[in-house]
Amino acid sequence: MHAAARLVCDLKPHDHISASIRALHGLPIKQRIDFKLCLLVHQTVNGRAPSYLQDLITPSVAVPRRATLRSASHHDLVLQSLHRKLGDRAFSVAGPRAWNSLPIELKTIIDTSVFKRRLKTLLFTIAYPSQACGLSLNVSVSRPTQGLVSTNLANILVLVSAIRVSCTS
C-alpha cells in the first residue's frame, strides 16, 4: 500500500506517507486486518463462505442457553475462550470478537457491497476521526488499542451518527 501511495502521489522515498494514505482513503494495517476479518465473518454468517469456516463460528441464537439473551438479538457470535495468546489469533476467536464489536446496523446488512462500503467508512472514521467530512471529533478508547475489539461501541455509534448528520447537511 505504501508503494502504491508513493507512486500515485509521486513521493520520494524519504517523504512522509501517512497523509497521502489518508488522502487516498487507505486504512492503517490494524483497520485493514479488521476489515478483512469482518468481511470474512460477514460472508460466513450469510452462507457465502466455505463450510469449514462456517463450522468455526456459532451464532448466539443457535445455543439454547443464549437464545434469550440480548446478544442473540444483536446478531452476536459465541466467543470461544482460549488461554493462549496464539489462540486469540485463530479465526474461531478473532472473527467473533471483531464481529461482536460492530454496531448492529452493520451486522444486519446482507448485501456484501453495502456491508463493505459501510464497514470501510466506520473503520476510516475510527482510524482518522478528524478527517471524516471535515469534523473534529474525539473518540475515546476504553482499553489499549487492539483494532475494533478495543474501541468502545457507544463511541462508535455516536461518531457514526454525528458523521451521518454532518455529511447529509
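Analyst: A residue is buried under 20% relative accessible area, exposed over 50% and partly exposed in between (1.4 Å probe, protein chains only). Helices (H or I, at least four residues) and strands (E, at least two) are DSSP runs, numbered from the N terminus. The model is predicted: local features need pLDDT of at least 70, side-chain atom pairs count only at pLDDT 80 or more, and totals for chains, interfaces and linings use all residues. Residues are numbered from 1 along each chain as its sequence is written, and side-chain values use heavy atoms, with hydrogens and water left out.

User: How many helices and strands does the protein chain hold?

Analyst: The protein chain has nine helices and zero strands. Of its 169 residues, 36% are buried.

User: Which residues of α6 are buried?

Analyst: In helix α6, residues 91–100, nine of the 10 residues are buried. They are Phe91, Ser92, Val93, Ala94, Gly95, Pro96, Ala98, Trp99 and Asn100.

User: What covers the buried residues of α6?

Analyst: Contact means heavy atoms within 4.5 Å. The cover of the buried α6 residues includes α3 (29–45), α4 (51–54), α7 (104–107) and α8 (112–127).

User: How is the packing of two helices described?

Analyst: Two packed helices are described by the angle between their axes and the distance between the axes. Axes are lines fitted to C-alpha atoms, for helices over the stretch in contact, and angles run from 0 to 180 degrees between N-to-C directions. Angles under 35 degrees count as roughly parallel, over 145 as roughly antiparallel, 65 to 115 as roughly perpendicular and the rest as oblique. Here α3 and α6 pack at about 95°, with axes 9 Å apart; the two helices are therefore roughly perpendicular to each other. On α3 the contact is made by Leu37, Cys38, Leu40, Val41, His42, Thr44 and Val45, and on α6 by Phe91, Ala94, Gly95, Ala98 and Trp99.

User: Why is the pair of Trp99 and Phe115 tilted?

Analyst: Rings of Phe, Tyr and Trp (its six-membered ring) pair if their centres lie within 6.5 Å; planes under 30 degrees apart count as stacked, over 60 as edge-to-face and the rest as tilted. The structure holds two aromatic pairs. In one of them, the rings of Trp99 and Phe115 have centres 6.0 Å apart and planes at 35°, so the pair is tilted. This pair links distant parts of the chain, Trp99 in helix α6 and Phe115 in helix α8, 16 residues apart. Trp99 is buried at a relative accessible area of 1%, and Phe115 is buried at 0%.
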